[in-house]
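Q: Please go through the labels used for this structure and set each one against its cut-off.

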Amino acid sequence: QVQLVESGGGLVQAGGSLRLSCAASGRTLRSYAMGWFRQAPGKEREFVATINWSGVNTYYTDSVKGRFIISRDNVKNTVYLQMNSLEPEDTAVYYCAADQYGSGSPSIHLYDYWGQGTQVTVSS
């Protein structure tokens, strides 16, 4: 079993940066694909970014390409989301998730474990 805990959220001005962390306990994440999702009030949870087990392959939703960077440290069992040039539209609760089969899919239904979420608020 895997437990995930996000941290690093907060309030930031538009154009600023935040770095989110997702710490894992339980089984190691070496063979897991990892993803970041977000959910704003009144909206469905949406895909943000994913990274394969080795960290070589990444995939982003169009709205964050060039601004966000997903990375992982398998020794520390931690996944990161570096968010730059933040916009008010990025305001949401951000969740990390683990896909035990390593598909790296943007589909929410293929992720087996989820964190509790961390709030990111971007002011204009």
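A: Buried means under 20% relative accessible area, exposed over 50%, and partly exposed in between, with a 1.4 Å probe and protein chains only. The model is predicted, so local features need pLDDT of at least 70 and side-chain atom pairs pLDDT 80 or more, while totals for chains, interfaces and linings use all residues. Residues are numbered from 1 along each chain as its sequence is written, and side-chain values use heavy atoms, leaving out hydrogens and water.

Q: Why is Cys22 called buried?
A: Its relative accessible area is 0%, and the limit for buried is under 20%. Cys22 is therefore buried.

Q: Why does Cys96 count as buried?
A: Cys96 has a relative accessibility of 0%, so the label buried applies here too.

Q: What makes the link of Cys22 and Cys96 a disulfide?
A: A disulfide is a pair of cysteine sulfur atoms within 2.5 Å. The S to S distance between Cys22 and Cys96 is 2.0 Å, and the structure holds one disulfide. This pair links distant parts of the chain, Cys22 in strand β3 and Cys96 in strand β9 (residues 92–99), 74 residues apart. Strands are DSSP runs of E of at least two residues, and helices are runs of H or I of at least four, numbered from the N terminus.

Q: Which hand does the link of Cys22 and Cys96 have?
A: The link is right-handed, with 55 degrees about the S-S bond.

Q: How do you know that β1 and β3 are paired?
A: Two strands pair if DSSP finds at least two bridges between them. Six bridges join β1 to β3 (residues 18–26), and the two run antiparallel. Glu6 stands opposite Cys22 in β3. On β1 (residues 2–7), Val2, Leu4 and Glu6 make up the covered face, and Gln3, Val5 and Ser7 the uncovered one.

Q: Why is the pair of Phe47 and Tyr59 called stacked?
A: Rings of Phe, Tyr and Trp (its six-membered ring) pair if their centres lie within 6.5 Å; planes under 30 degrees apart count as stacked, over 60 as edge-to-face and the rest as tilted. A search of the whole structure finds six aromatic pairs. For Phe47 and Tyr59 the centres are 5.6 Å apart and the planes at 20 degrees, so the pair is stacked. Phe47 lies in β5 (residues 46–51) and Tyr59 in β6 (residues 58–60), 12 residues apart. Phe47, at 11% relative accessibility, counts as buried, whereas Tyr59, at 43%, counts as partly exposed.

Q: What makes Arg45 a charge over the ring of Trp114?
A: NZ of Lys or CZ of Arg must be within 6 Å of the ring centre and within 35 degrees of the ring normal. Arg45 lies over the face of Trp114 at 5.1 Å from the ring centre. Arg19 lies over the face of Tyr80, at 4.0 Å.

Q: Why is Arg45 called partly exposed?
A: Its relative accessible area is 28%, so Arg45 falls in the partly exposed range. Arg45 is found in the loop between β4 and β5.

Q: What makes a set of residues a nonpolar core?
A: Such a core is a set of buried Ala, Val, Leu, Ile, Met, Phe, Trp, Tyr and Cys residues joined through side-chain atoms within 4.5 Å. The largest one has 29 residues, and those with the most contacts inside it are Leu4, Trp36, Leu81, Met83 and Tyr94.
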